[in-house]
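Please consider the structure shown below together with its sequence. The paragraphs that follow lead from the chain as a whole to its helices, and then to single residues.

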Amino acid sequence: MNNLTDPRPPLPEWIVDVYDVLCDSCFNPVDEEDVQSVPREEALTVLLNNSDLSLEPEDADHALTRLLERGYVYSVDGELRVTSSETHV
(Lines give C-alpha, C1' and ligand atoms only; values in the text may rest on other atoms or scores of the structure.)
Protein backbone atom coordinates (compact mmCIF):
# COMPACT_ATOMS: atom_id res chain seq x y z
CA MET A 1 0.00 0.00 0.00
CA ASN A 2 2.51 2.65 1.08
CA ASN A 3 5.11 2.23 -1.61
CA LEU A 4 6.95 4.46 -4.06
CA THR A 5 4.64 3.62 -6.97
CA ASP A 6 1.46 4.66 -5.12
CA PRO A 7 0.75 8.36 -5.82
CA ARG A 8 -1.59 8.69 -2.82
CA PRO A 9 -0.24 10.12 0.44
CA PRO A 10 0.80 7.45 2.97
CA LEU A 11 -1.42 6.56 5.90
CA PRO A 12 -0.79 5.11 9.37
CA GLU A 13 -0.72 1.30 9.34
CA TRP A 14 -3.99 0.95 11.28
CA ILE A 15 -5.84 3.02 8.66
CA VAL A 16 -4.27 0.91 5.91
CA ASP A 17 -5.69 -2.10 7.78
CA VAL A 18 -9.12 -0.42 7.73
CA TYR A 19 -8.76 0.14 3.98
CA ASP A 20 -7.86 -3.52 3.45
CA VAL A 21 -10.89 -4.69 5.45
CA LEU A 22 -13.15 -2.41 3.43
CA CYS A 23 -11.71 -3.63 0.16
CA ASP A 24 -12.08 -7.28 1.17
CA SER A 25 -15.52 -6.93 2.76
CA CYS A 26 -17.28 -4.20 0.79
CA PHE A 27 -15.54 -3.63 -2.52
CA ASN A 28 -14.83 -7.15 -3.75
CA PRO A 29 -16.80 -7.50 -6.98
CA VAL A 30 -19.23 -10.39 -6.83
CA ASP A 31 -20.56 -9.71 -10.30
CA GLU A 32 -19.41 -7.93 -13.43
CA GLU A 33 -20.15 -4.37 -12.25
CA ASP A 34 -17.31 -1.92 -12.83
CA VAL A 35 -18.09 0.25 -9.80
CA GLN A 36 -18.46 -1.18 -6.33
CA SER A 37 -19.90 1.09 -3.67
CA VAL A 38 -21.13 0.86 -0.11
CA PRO A 39 -23.11 3.32 2.03
CA ARG A 40 -20.89 5.00 4.63
CA GLU A 41 -23.07 3.66 7.46
CA GLU A 42 -22.67 0.11 6.17
CA ALA A 43 -18.89 0.60 5.93
CA LEU A 44 -18.86 1.78 9.55
CA THR A 45 -20.86 -1.29 10.60
CA VAL A 46 -18.41 -3.58 8.81
CA LEU A 47 -15.47 -1.90 10.53
CA LEU A 48 -17.04 -1.98 13.98
CA ASN A 49 -17.96 -5.66 13.63
CA ASN A 50 -14.48 -6.71 12.49
CA SER A 51 -12.78 -8.40 15.44
CA ASP A 52 -9.29 -7.97 13.98
CA LEU A 53 -9.61 -4.16 14.04
CA SER A 54 -11.29 -3.65 17.45
CA LEU A 55 -12.27 -0.05 16.63
CA GLU A 56 -14.36 2.37 18.62
CA PRO A 57 -17.03 4.23 16.59
CA GLU A 58 -14.98 7.44 16.64
CA ASP A 59 -11.91 5.62 15.33
CA ALA A 60 -13.85 3.99 12.49
CA ASP A 61 -15.33 7.35 11.50
CA HIS A 62 -11.90 8.99 11.67
CA ALA A 63 -10.39 6.26 9.48
CA LEU A 64 -13.10 6.71 6.83
CA THR A 65 -12.56 10.46 6.90
CA ARG A 66 -8.80 10.03 6.42
CA LEU A 67 -9.35 7.59 3.55
CA LEU A 68 -11.62 10.16 1.90
CA GLU A 69 -9.21 13.05 2.51
CA ARG A 70 -6.22 11.14 1.15
CA GLY A 71 -8.04 9.89 -1.95
CA TYR A 72 -8.17 6.19 -1.14
CA VAL A 73 -11.96 6.27 -1.41
CA TYR A 74 -14.40 8.87 -2.68
CA SER A 75 -18.04 9.59 -1.95
CA VAL A 76 -20.95 9.77 -4.38
CA ASP A 77 -24.42 10.43 -2.95
CA GLY A 78 -23.42 9.05 0.46
CA GLU A 79 -21.85 5.91 -1.01
CA LEU A 80 -18.13 5.16 -0.70
CA ARG A 81 -16.17 3.89 -3.70
CA VAL A 82 -12.56 2.77 -3.98
CA THR A 83 -10.48 5.21 -5.99
CA SER A 84 -8.10 2.56 -7.31
CA SER A 85 -9.87 -0.79 -7.21
CA GLU A 86 -7.37 -2.56 -9.46
CA THR A 87 -5.19 -3.50 -6.46
CA HIS A 88 -8.09 -5.38 -4.85
CA VAL A 89 -9.90 -6.94 -7.79
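**The chain as a whole**

Residues 24 or more positions apart account for 60% of the contacts in the chain with a separation of 6 or more, where contact means heavy atoms within 4.5 Å. This is a predicted model, in which local features need pLDDT of at least 70 and side-chain atom pairs count only at pLDDT 80 or more, while totals for chains, interfaces and linings use all residues. Residues are numbered from 1 along each chain as its sequence is written, and side-chain values use heavy atoms, with hydrogens and water left out.

The chain holds 3 helices and 3 strands; these are DSSP runs numbered from the N terminus, helices being H or I of at least four residues and strands E of at least two. Read from the N terminus, the order of the elements is α-β-α-α-β-β. Of the 89 residues, 34% count as buried. Buried means under 20% relative accessible area, exposed over 50%, and partly exposed in between, with a 1.4 Å probe and protein chains only.

**Packing of the helices**

Two packed helices are described by the angle between their axes and the distance between the axes. Helix α1 (residues 13-25) and helix α3 (residues 57-69) pack at about 85 degrees, and their axes are 10 Å apart. The axes are lines fitted to C-alpha atoms, for helices over the stretch in contact, and angles run from 0 to 180 degrees between N-to-C directions. Helices α1 and α3 are therefore roughly perpendicular to each other; angles under 35 degrees count as roughly parallel, over 145 as roughly antiparallel, 65 to 115 as roughly perpendicular and the rest as oblique. On the α1 side the contact is made by W14, I15, V18, Y19 and L22, and on the α3 side by D59, H62, A63, L64, R66 and L67.

Which residues of helix α2 (residues 40-49) are buried? They are A43, L44 and L47. Because these residues cover an arc of only 100 degrees around the axis, they lie on the same side of α2; the arc is that of the directions from the helix axis to the C-beta atoms. The cover over the buried residues of α2 includes α1, β1 (37-39), α3 and β3 (79-82). The face of α2 turned away from its buried side carries the exposed residues E41 and N49.

**Single residues**

L48 also belongs to helix α2, and with a relative accessible area of 36% L48 is partly exposed. Leaving aside residues up to four places away in sequence, L48 touches L55, E56, P57 and A60. In helix α3, L68 is partly exposed as well, with a relative accessible area of 27%. Under the same exclusion of residues up to four places away in sequence, L68 touches R40, V73, Y74, S75 and L80.

The loop between α2 and α3 contains N50, which counts as buried at 18% relative accessibility. A polar atom of the N50 side chain lies 2.9 Å from the backbone nitrogen of D52.

Most residues other than glycine have a negative phi. S54, which is not a glycine, has a positive phi of about 50 degrees. S54 is found in the loop between α2 and α3 and counts as exposed at 60% relative accessibility. D77, in the loop between β2 (73-76) and β3, also has a positive phi, near 50 degrees, and at 79% relative accessibility D77 counts as exposed.

Notes
A polar contact is a pair of N or O atoms within 3.5 Å; within protein, one must be able to donate a hydrogen and the other to accept it, and residues adjacent in sequence count only if both atoms are side-chain atoms.
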